[in-house]
Amino acid sequence: MASRGDGARATHSMPVVSPVEPKEGLVKTLIQGAALCLASLTLALAGGMIPIPGIFFGLLTPLPLILLSVRHGRVAALLGVLAVGTCLAGLLGSGHAWVFYIEFGLPAIVLAEAIRRQWAPEVSVAAGSLAVIVGGLAGLFILAWGAGGSMLDLLKYRLDIAVREAMELYSKVGVSPDEVGPLFGSVEEVRGFLLTTSPGLFMAAALLSTSANFFLARRGSADNAAPGSSKPGFAWRMPDLLVWVFIGSAVLLLSGLPIAKEIGFNGLLVMMTLYFLQGLAIATFWFRRLGLSPLVGMLGVVLLLLQPLLLFLLALVGLFDIWVVFRRHSLPRPPGA
């Protein structure tokens with residue numbers, strides 16, 4: 001039988017949990033959450049204040065909020081969205097705050113839930129893009145209602161500002177007045193073209209921004225996973241039947257009918273964006289399979305940004321993957337990819 005002294009020694013030998021450790025964890029969580037909220041606020045302000053480069057930063061506004069939700073839970077993410085929106089309301093006005101909630105906060109919550117539930121990338125991006133499109137239309141309606149005009153008038157006004165800022169940027173970067181002059185003379189044509197293609201451009205931008213936020217957030221959440229666990233890569237595979245949507249859009253574009261041409265052109269914009277993502281997934285797969293240096297990948301991204309022809313070539317690679325199957329000899333698909 002064990003003596004009372006042995007029991008006492010056993011009691012004293014048990015580890016004592018310090019109450020300081022939970023407090024340190026709480027402080028660390030608060031600091032991380034505040035940093036992610038500040039990052040989202042900075043990206044949102046950059047998107048609204050910096051003319052052209054800020055647009056690219058603004059598209060990543062949901063990314064810190066997605067990471068906040070995945071790492072610290074839904075409640076922390078909701079509080080973060082409310083905090084960022086409140087700051088925007090104080091800095092830019094309540095209208096911008098509501099636009100932020102609808103265009104960025106809602107997609108962030110949807111994408112975080114998709115990552116948490118481990119949905120397929122195609123389904124996740126589709127759900128996030130739908131949230132962006134619905135939120136964008138709602139935000140446009142709110143701005144138009146606040147300005148006392150129609151959504152079409154507001155869209156035309158925004159397009160005029162974007163074209164004017166683009167012209168001013170061309171002049172600042174050293175483009176000669178002779179080259180800028182014809183562009184100023186064709187503002188009406190540029191605005192008409194952008195207005196006609198705005199549905200396709202908006203959907204393409206939603207797909208690109210959603211996919212960027214989704215894959216970056218999924219990779220960022222995987223960095224905090226247990227050591228030794230596989231990190232998800234860039235995986236994308238289009239259903240083969242969607243090629244008929246591409247073919248139908250091309251037929252409408254070549255039909256010569258005004259309305260049919262507009263529908264076909266917008267449809268091709270969306271389909272080429274989807275096939276660009278597939279081509280990018282193929283390029284990423286071969287990059288990993290050949291074991292190329294990360295520097296080569298960075299140079300490839302720079303070339304994509306500087307040479308639009310490469311974007312078109314990647315889209316063609318994604319389209320012809322239906323027949324060629326560039327990943328026929330692919331490695332097994334990693335978990336969560």
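This is a predicted model: local features need pLDDT of at least 70, side-chain atom pairs count only at pLDDT 80 or more; totals for chains, interfaces and linings use all residues.
**Entry 1: aromatic pairs.** I searched the whole structure and found seven aromatic pairs. I took F100 and F104 to begin with: their ring centres lie 6.2 Å apart and their planes stand at 40°, so I recorded the pair as tilted. The angle falls between the cut-offs of 30 degrees for stacked and 60 for edge-to-face. Both residues belong to helix α6 (residues 94-116), where a spacing of four residues separates F100 and F104 by about one helical turn. I then looked up the accessibility of F100, which is 2% in relative terms, so F100 counts as buried.

**Entry 2: F214 and F215.** F214 has a relative accessible area of 0% and is buried. F215 is also buried, at 11% relative accessibility.

**Entry 3: cluster.** I noted that ring pairs join W98, F100, Y101 and F104 into a cluster.

**Entry 4: α4 against α6.** I next examined helix α4 (residues 62-72), whose axis comes within 8 Å of that of α6 and crosses it at roughly 40°. That angle makes α4 oblique to α6. The crossing of α4 past α6 is right-handed.

**Entry 5: contact residues.** Which residues of α6 does α4 meet? From α4, I listed P62, L65, I66, S69 and V70; they meet F100, F104, A108, L111, A112, I115 and R116 in α6. By class, this contact comprises ten nonpolar, one polar and one charged residues.

Conventions. Residues are numbered from 1 along each chain as its sequence is written. Side-chain values use heavy atoms; hydrogens and water are left out. Rings of Phe, Tyr and Trp (its six-membered ring) pair if their centres lie within 6.5 Å; planes under 30 degrees apart count as stacked, over 60 as edge-to-face and the rest as tilted. Helices (H or I, at least four residues) and strands (E, at least two) are DSSP runs, numbered from the N terminus. Buried means under 20% relative accessible area, exposed over 50%, partly exposed in between (1.4 Å probe, protein chains only). Axes are lines fitted to C-alpha atoms, for helices over the stretch in contact, and angles run from 0 to 180 degrees between N-to-C directions. Angles under 35 degrees count as roughly parallel, over 145 as roughly antiparallel, 65 to 115 as roughly perpendicular and the rest as oblique. A crossing is left-handed if the near helix is turned anticlockwise from the far one by less than a right angle, and right-handed if clockwise. Contact means heavy atoms within 4.5 Å. Ala, Val, Leu, Ile, Met, Phe, Trp, Tyr, Cys and Pro count as nonpolar, Asp, Glu, Lys and Arg as charged, and the others, Gly among them, as polar.
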